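Dear colleague,

I am handing over the structure below, and my notes on what was found in it follow directly after.

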Amino acid sequence: MPSADVAGAPPAGATAGRINDRRRGNRLGFLSFVVMLRLFGRRGAYRLLSLVAMYYLLFDPLARRLALPYLSRRFPGHAGWRRMVDLYRLIYSQGVSLIDRFRMLMTPQAFAQRTSHYERAQPLVEDRTRGFILLVSHVGNWQAMMLALARMKRDVTLLMRPEENPITQDYLRFQKEPGRLRTVSPDEPMGGVIELTQRFEQGDIIAIMGDRAYDAATLSVDFLGAPARFPCGPFRLAAAWDCPLVVMFAGKTGVDEYTVEIADVIRVGRTGDRRENLQRAMQTYAGRLEEFAARHPYQVYLFEDAWRPAEASTPSLGPAGRAES
């Protein structure tokens, strides 16, 4: 089963204990799912997925280990077989998301897409003179979110690394209009903040992941009952640009239905203690993520131990919230 939802991780060998996309997903594997989709539809692809998910559960110890920090806090009373069922359901759910993503590329009309609380972001979307930050997460279905963004008819710039698995890139490329969707890599000078600022000033929506730190600077907030470290870069940019952060999730709410939810519109205070302002805004985001996890526990693909202890030395914050020595 490919694992495109861990895209954006550092290159292989950069950080130990993270999933390496290059060894997950090959042309034969993708072709098998494509054939099943075309011949037997969604049900056939899901049946194949049930076998593949079991394989990953039994023979991929790294994936199991990276999923456990989240599952042990989401389901603290589960152990033994109940924990194995949790792991299987999480792996299977992520596979469903990837299959559905490809189906959306083939036939977007196959899915009903509902919206929830769009009125929270509507004034921002309709004001084309100013950009804002779209805070997205490794939850639900990325392609459903991309389709929702396309309907906004606004230029969008994504801060993300190029897809590391070339096979995934071939099969799960974004569906986009020319010029509507652009990407900026955090590996660019100053973490890509110069180009991001230019795009923001031109009125782009700037989409940034808010739940995985990788090598970025972090701050601690409460998440699922324990201190967790989330990247503070998006919130620092929001303070610098004096713009809101729109929290968007796209959860699977039916067999062929996704609900795109505007979970909140967060503003970072610009007066008083900067660190406290950042933490307050980040805590609001963590709370919304926790609410999503309560509704859709197997659609949270964190696959990183956000609760690990902080490093002995606290890094300073670079322009985009990246760690500086």
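How many helices and strands does the protein chain have? The protein chain has 9 helices and 11 strands, where helices (H or I, at least four residues) and strands (E, at least two) are DSSP runs, numbered from the N terminus. Please keep in mind that this is a predicted model, in which local features need pLDDT of at least 70 and side-chain atom pairs count only at pLDDT 80 or more, while totals for chains, interfaces and linings use all residues. Residues are numbered from 1 along each chain as its sequence is written, and side-chain values use heavy atoms, with hydrogens and water left out.

Of the 325 residues of the protein chain, 54% count as buried (under 20% relative accessible area, with a 1.4 Å probe and protein chains only). Beyond its neighbours within four places in sequence, Phe223 is in contact (heavy atoms within 4.5 Å) with Ala228, Phe230, Ala286, Leu289, Glu290, Leu302 and Trp307.

Finally, among contacts in the protein chain between residues at least 6 apart in sequence, 75% join residues at least 24 apart.

Terms used:
Buried < 20%, exposed > 50% of the residue type's maximum accessible area, 1.4 Å probe, protein only.
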